[in-house]
Amino acid sequence: MNLQETLLKSVKQAVKQIYNSDLSTVEFQATRKEFPGDITVVIFSMLRVVKGNPVQIGENIGQYLMEHVDEVKGFNVVKGFLNVEIQDSHFLQSFNDIFNDEAFGTIKPKPNDKAVMVEYSSPNTNKPLHLGHIRNNLLGYSVSEILKASGKKVYKTQIINDRGIHICKSMLAWQRFGNGETPESTGVKGDKLVGNYYVKFDQEYKKEITHLISEGQTEEEAKKKAPILVEAQDMLRKWEAGDEEVVKLWETMNGWVYDGFDITYKNLGVDFDKLYYESETYLLGKEFVEEGLKTGVFYKKDDGSVWCDLTDDGLDEKIVLRADGTAVYMTQDIGTAIQRVKDYPDVGGMVYTVGNEQEYHFKVLFLIIKKLGFEWAENLYHLSYGMVDLPSGKMKSREGTVVDADDLMDEMAQTAEDISKELGKLDGYSEADKQALYHIIGLGALKYYILKVDPRKRILFDPKESVDFQGNTGPFIQYTYARIQAILRKADFDYSNHVAPVNLHDKERELIKQVQLFPEMVQLAASNFSPALIANYTYDLVKEFNSFYQNVSILGADDQAEKVFRVQLSHVVGRTIKQAFALLGIQVPDRM
């Protein structure tokens, strides 16, 4: 039984004995720092059951706890709040348990538990990954790692949008203007090369529109009749018909893009267990439309199109099959979800990491799957996130004004290098060590800046601000971790065993309490699908450690037992920082 469970039971017993009343719940909160105490019992919430002066009720319960709970050493009452002080022995025992548990805060999944599939990234193969994709990837990867740490089995996946008119636009532009160039012949990364031709298509398309308008056509007519667009549409029809030459070009150019994506994913530090391709899934779902027609989930209109009426559920009518029998995105998403559970029978839920502009789509998707009778539909979640803006404004892929993911990662490493040189922190490092460290700092800054914000909020990303070595930033936390490693290297004694009981300094007690919160924060972050909770917990832990570091002598302590304990405490904090940052996909350097 942990401390809170012990206090819960004892507070209920106190109220029963003193007031002959039964409490169903007891509200606890952390004691405010300006008052003595470690945990606070809220008396106000009891007044529905216990009648009387809240201060006197607090005094009576506090006295009962002093007499009946060994861990309680004192109390004070402030208005309707009972602040309970806990014995050092409790914190020391708790700390020893944490010190000996290398996996503290994480839980291993049980063999028969259902798994969760997390989808993220899901790019188009007509352009490289950009800043928006970075937020998507970081969120999806981090949520996957947090779910794993909370005790879930997780599969990481993406669906690659590798077909459609936008893909044909890049292909056609390369055919017309590429002169046979390849990533190998140009030295340009494959996804960037293909993306250049997507931009080239848009430039030529606009020229043709302008020309047609000058010949007397309306803008609307010109947009539809521009020869380059008509040709791209014809190429898409040929692809769908299996035209050998078009399919070969499609495979070649997509291959270039996949090679480029792999480099970006490796540099970003994300991975996947299973890849799905839209070219293989766009026909999925049609069979379930037929099933749904039989069971009344869908209905057919006079023109032959198939719809789902969701008006009774507060939504609208949604088309799932066009009049010509072709599928829409919704049909494909229904089929892909069902296919995933066929591929992984232990999957009992899915998380879709997709921008907030798709919220309505996922409401409809989840409801239709539920109506089709799949139990796991109850465990579908849209990890909706806001856009990422830069001080320069919004990004547009077809105009070539996106912030390229690779370029941004390089810029972050360069920013880390510039600031490190200004601060003069890396004297004595080899050039290779410096470059590796710049990458760790720069990428850590980028990831932390994005992940510390609630996913639903829009972000204005400022690269220089994110690499600040002070404040709520990745480098500040990384620097504290490196400081702890320096302390451990200087400790010229064995600190692996339990030490004799010591009298805890207030700063030590507060630090232990912050570490104790880690398992709870992992579970909370998992249930809320929010890496921001882990990021900001880690910042609070680091602030608490730095306060301890500034107020308590660690290696200079007079008493050997205190010295050993403080090094052990530093070790545990460092380990917790490393574990927490691993859940965010961030590395921590031993030296900085």
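I began with Ser142, whose side chain reaches the backbone oxygen of Leu583 at 2.8 Å. I count a polar contact as a pair of N or O atoms within 3.5 Å; within protein, one must be able to donate a hydrogen and the other to accept it, and residues adjacent in sequence count only if both atoms are side-chain atoms. This is a predicted model: local features need pLDDT of at least 70, side-chain atom pairs count only at pLDDT 80 or more, and totals for chains, interfaces and linings use all residues. Residues are numbered from 1 along each chain as its sequence is written, and side-chain values use heavy atoms, with hydrogens and water left out.

**Around Ser142.** I placed Ser142 in helix H4, residues 131-149. Helices (H or I, at least four residues) and strands (E, at least two) are DSSP runs, numbered from the N terminus. Is Ser142 buried or exposed? Ser142 counts as buried because its relative accessibility is 0%. The cut-offs are under 20% relative accessible area for buried and over 50% for exposed, with partly exposed in between (1.4 Å probe, protein chains only). Leaving out residues up to four places away in sequence, Ser142 touches Leu451, Pro531, Leu583 and Leu584. Contact means heavy atoms within 4.5 Å.

**Cores.** I then looked up the largest nonpolar core, which has 152 residues. Such a core is a set of buried Ala, Val, Leu, Ile, Met, Phe, Trp, Tyr and Cys residues joined through side-chain atoms within 4.5 Å. Met46 and Ile61 have the most contacts inside the largest core. Helix H10 (residues 244-268) gives this core its largest share, 11 residues. A second, separate core has 36 residues, among them Val297 and Phe366. Back at Met46, I listed its contacts beyond four places in sequence: Val11, Val15, Leu23, Val26, Val41 and Ile61.

**Sheet.** Next I traced an open sheet of 3 strands, ordered E8-E9-E10 with antiparallel pairing. Strands E8 (299-300) and E10 (317-321) stand at the edges with a single partner strand each, so one side of each lacks a neighbour in the sheet. Two strands pair if DSSP finds at least two bridges between them. Strand E9 (residues 306-309) is joined to E10 by 4 bridges. I noted that Asp309 has Glu317 in E10 as its bridge partner. Helix H12 (residues 286-295) lies across E8, E9 and E10, at about 125° to E10. Axes are lines fitted to C-alpha atoms, for helices over the stretch in contact, and angles run from 0 to 180 degrees between N-to-C directions.

**Cysteines.** How many disulfides are there? The count is 0, taking a disulfide as a pair of cysteine sulfur atoms within 2.5 Å. Cys168 is buried at a relative accessible area of 3%. Cys308 is buried at 0% relative accessibility.
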